[in-house]
Amino acid sequence: MRYLLTLGFLLIAIPCFPQAARTYTVCESGCDHATVQLADDAHDQDLPANDSILTFEIQNTWTSDETGVSIVGWTMDATRFLTITAVGAARAGATYDGTNAYRTVATTAPFFNSESFLVVDGIQASTTETGATVARCIDMGSAPNCTVKNCFAKGSTGSNVTGINFGAGGTTAGVIRNNIVIDCPLKGIDISAAIGGVKADNNTIENCGIGVETNTQDGIIRNTIFFNVTTPVSGVPNLTTLSEENWTDNASITYTSCGSCGAGDQLSQPDPFVAIGSENYSLASGSTPIDAGKDLSADFSDAIGGKTRTDGFFDKGADELIAAPVGGDRVLIRIGMMFWHYGIEI
Amino acid sequence: MRILLTFLFLLIATQAQSVELAVKAKEHWQSLANIPAGTTQDTIAWLKDVWLQKHKGEIVAVMPNGTTWGRLDAPPNYVIIKVPNATMGQASKYISPLIDTLAVNESDSVRVKERRWHFLRKVVDSALTLWGIDSSYVILTNAQAVNIVREYNVTAIKQKIINRLRQ
């Protein structure tokens, strides 16, 4: 009887545990695949049907650009999905790195996705479009429930360039956070066609026409830096979960039909970055976004470049300035003096 | 001896402009060949999505000569085809998408297929047969590659979708 009960338990319990997650590596030499595109086309599948979770891990230094990535031909759900993440030297930081970190560079679609629930983490994507053709650095198409985080989207001079586009948020909130978006004459982040409450938090947007375009589709914008942006927020944001604690060098941020939005916004601020001319969007010591953000630690604690927001106060924007410990040298001196006072030689 | 030296000279000389193509060697898991017509999946939206994906024979990546391919960039996933007398500029067209320039709304599927060009399936099958026996790649001249690669047509794809729905 005991044996039968144990067997019965195992027969019920085992199918409830998903298959072990699997990781495929991507790098220029010595990995499973030489490009992200090759990984995509080798492993696309129905992940829920196969009860699988997959990760493409982009590693090492990259001497060349990948010339466009298109994620198509999958089925995913909320618990069985694909994550594309860059690690180590390949990972995006607060300075655009066109020499060593991974980057996908193309004219109109450096990174395109059509599959819901995809997670993209830590990549650089850049468009070279200079004309009027629509170009989007990171484009989630009409795929709902995706996450784009810790990425660097670099535009160009094209008049229809958008940094990050979410065409459909779906019934569960999509996430856009800790991204740096620069040089997008049309829009930095576009969530105007997304539904279900896309959270666009702690992004840094510089030199763009519209910073974030939302619509009556529940977009939430918090802790975002808008610098050299003509119109920081366009469209109607979420009217119940308020957009707030943003930062700009503009004199104002307009939230259409949301009079309660904008609490804690910092306006008319000076340049907070280390060196825009070098595409370095790290926060300069003493700049006003530091420690000024809303605490969103219930949702996340990471920052671009693999940093963690650990000091108890969120900086605004994608970067988190990690300060050196205070008083270290003085502590050592204090101990030395204490030992001297008590006649103990050290 | 003279012929061998000529061949070696050509092989060395043409390395200056030479590309390697990773061609998809297996059917996509949603290949219509494996899914009977008339299933509940057969809607226009689903069929458009199936056609959008990359299928056997389509070129996934174009890389310069001497590329270090990944451990899994090989059968059953891919065959590598070398084209010694083609440039990256010439070969890059093989990874361009097929666009429906007559699409009304940008939000519609303007991109009909991820890849506009594809090798015939029998070419892929031949490469798979030879893999590991003669070499780990297939060599074609630019003229040979041009002769056996085919271009998809938007109108033809739309007609195939209609025909499928009529089954």
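The largest nonpolar core of this predicted model has 55 residues. A nonpolar core here is a set of buried Ala, Val, Leu, Ile, Met, Phe, Trp, Tyr and Cys residues joined through side-chain atoms within 4.5 Å, and buried means under 20% relative accessible area, with exposed over 50% and partly exposed in between (1.4 Å probe, protein chains only). The residues with the most contacts inside this core are I58(A), L82(A), F111(A), L118(A), I138(A) and F166(A). Apart from it lies another core, of 23 residues, which include I81(B), Y94(B), W117(B) and A127(B).

Contact means heavy atoms within 4.5 Å. Not counting residues up to four places away in sequence, I138(A) touches F111(A), A125(A), V148(A), C151(A), A153(A), G163(A), I164(A) and N165(A).

Chain A has 346 residues, of which 56% count as buried. There are four helices and 23 strands in chain A; these are DSSP runs numbered from the N terminus, helices being H or I of at least four residues and strands E of at least two. Among the contacts in chain A with a separation of 6 or more, 58% come from residues 24 or more positions apart.

One loop of chain A, between β17 (220-222) and β18 (225-234), holds N223(A). N223(A) counts as buried because its relative accessibility is 0%. Its side chain joins that of N202(A) in a polar contact of 3.0 Å. A polar contact is a pair of N or O atoms within 3.5 Å; within protein, one must be able to donate a hydrogen and the other to accept it, and residues adjacent in sequence count only if both atoms are side-chain atoms.

Next comes the interface. The contact takes 28 residues from chain A and 24 residues from chain B. Across the interface the rule finds three salt bridges, each a side-chain nitrogen of Lys or Arg within 4 Å of a carboxyl oxygen of Asp or Glu. R71(B) forms a salt bridge with D32(A), with the closest N and O atoms 2.5 Å apart. The rule also finds 14 residue pairs in polar contact between chain B and chain A, both residues at pLDDT 80 or more.

Residues are numbered from 1 along each chain as its sequence is written, and chains are lettered from A and ligands numbered from 1 in the order in which they are written. Local features need pLDDT of at least 70 and side-chain atom pairs count only at pLDDT 80 or more, while totals for chains, interfaces and linings use all residues; side-chain values use heavy atoms, leaving out hydrogens and water.
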